[in-house]
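Subject: Structure for your review

Dear colleague,

Please find below the structure that I am handing over to you. My notes on its helix packing and aromatic contacts follow it.

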Amino acid sequence: MKLWDADLRDILRHWRQRPPVVLELRRDGYCLVRVHNGEAELITAQDIDPLSTRYRERLLESLRRSVQAQDLSGSPAATYLLRGDYNLQVVDAPKVPATEMLAALRWQLADLLDFPVQEAVLDAIPVPDTEGRQIFAVAVRESVVQERIDLLRGVGLQPFYVGIIDLALRDLCWLLPEEAGGVGLLLMETQSCHLTLVQGGGYRFGRPLPVGSAHFSDAAERADRRAASEGLALEIQRTMDFYENRFRRPPPSVLYLLGAPASLPEVLTEQLGRRCRHVQEILPQGDMRCLLAQAFAAELPTP
């Protein structure tokens with residue numbers, strides 16, 4: 001989902017003068033990544049207490065300081081939305097010319113969204129191997145996109161692109177070895193995780209799961225950690241079975257984990273009967289907190 005949020009000539013001028021940056025907003029902080037000479041370079045990563053009553057204020061203050069300290073003011077900036085910010089679903093592609101796709105899609109999604117479709121920003125992503133018959137329909141409230149644009153402007157950056165985390169996860173999958181069935185990636189956050197399946201370089205499926213790293217903390221009882229891993233394994237297996245039945249394709253034989261406890265791959269390997277590995281075994285360099293933003297930055301479109 002892209003937003004040319006300024007005059008194109010102005011964006012191109014800024015692009016030539018300054019390399020673009022990516023802002024990843026997490027629920028507990030942020031990171032900034034710069035695209036320099038074709039490489040995604042980490043600028044800074046900052047943690048902010050999500051329970052703070054001044055979270056938004058502290059976030060803006062920290063971002064402004066980082067932008068000023070790194071001389072990034074006026075740099076073209078991209079960002080991506082988290083899964084709870086938008087709606088993503090597979091639908092039949094409207095049988096209309098490409099130029100009329102989004103208008104037809106707006107009518108088609110009218111009864112499928114939990115907010116008025118008139119307030120939606122829409123995009124369509126082809127579903128691989130359907131010969132254009134199906135698409136991933138993306139819908140997000142315009143106010144959510146505008147809030148992110150206002151944030152970028154408010155800290156001194158020049159917004160030019162807003163994406164979604166599903167495609168950022170796809171970009172990260174491109175950096176991992178593709179074995180039988182493609183690439184499976186489990187991104188673990190504090191209270192939840194997100195399972196992404198990519199095959200042949202194409203985004204195939206993604207689903208949030210209700211288990212996060214907090215369920216495996218040292219403070220949790222051993223029996224609770226075991227129950228959490230069994231619950232997670234069940235959700236993963238259900239997702240894999242749904243994928244295989246829905247798309248008539250075998251799921252990935254290897255599942256990569258990012259942000260997970262050290263022992264979880266071994267536990268899930270036993271419970272799933274499927275090889276599980278930490279992403280850092282394959283991509284050991286850099287700050288794991290910002291690996292997703294770096295993968296997204298490396299695949300940014302050029303205006």
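Axis angles of 65 to 115 degrees count as roughly perpendicular. The model is a predicted one, and this cut-off applies to its helices α5 and α8: their axes cross at roughly 85° and come within 8 Å, and the two helices are therefore roughly perpendicular to each other. On the α5 side, the contact is made by I165, A168, L169, D171 and L172; α8 contributes L291, L292, A295 and F296. By type, the residues of this contact comprise 8 nonpolar, no polar and 1 charged.

D171, within helix α5 (residues 165-173), deserves a separate remark. Its relative accessibility is 4%, and D171 therefore counts as buried, the cut-off being under 20%. Leaving aside residues up to four places away in sequence, D171 touches A295, F296 and E299.

Helix α8 (residues 291-298) is itself mostly covered, with 7 of its 8 residues buried. These are L291, L292, A293, Q294, A295, F296 and A297.

The structure holds 7 aromatic pairs. One of them is formed by Y80 and F296, edge-to-face, with 4.8 Å centre to centre and 65° between the planes. Y80 belongs to strand β4 (residues 76-81) and F296 to helix α8, so that this pair links distant parts of the chain, 216 residues apart. Both Y80 and F296 are buried. A further pair joins Y161 and F296: the ring centres are 6.1 Å apart and the planes stand at 45°, so the pair is tilted. Because Y161 lies in strand β8 (residues 158-164) and F296 in helix α8, the pair ties together parts that are 135 residues apart in sequence. Y161 counts as buried because its relative accessibility is 14%. Y80, F160, Y161 and F296 form one aromatic cluster.

Finally, which residues of helix α7 (residues 264-272) are buried? They are L264, P265, L268 and L272. These residues cover an arc of only 95° around the axis, which means that they lie on the same side of α7. E266 and E270, on the other side of α7, are exposed. The elements covering the buried residues of α7 include β9 (183-188), α6 (222-247), β12 (254-258) and β13 (275-278). After α7 comes G273, which has a positive phi, near 65°.

With kind regards

How values were computed: Residues numbered from 1 in each chain as written. Predicted model: local features only at pLDDT ≥ 70, side-chain atom pairs only at ≥ 80, totals over all residues. Heavy atoms only, no water. Buried < 20%, exposed > 50% of the residue type's maximum accessible area, 1.4 Å probe, protein only. Helix = DSSP H or I, 4+ residues; strand = E, 2+ residues; numbered from the N terminus. Arc of directions from axis to C-beta. Contact = heavy atoms within 4.5 Å. Axes fitted to C-alpha atoms, helices over the stretch in contact; angles between N-to-C directions. Parallel < 35°, antiparallel > 145°, perpendicular 65-115°, else oblique. Nonpolar A, V, L, I, M, F, W, Y, C, P; charged D, E, K, R; others polar. Phe/Tyr/Trp six-rings, centres within 6.5 Å; stacked < 30°, edge-to-face > 60°.
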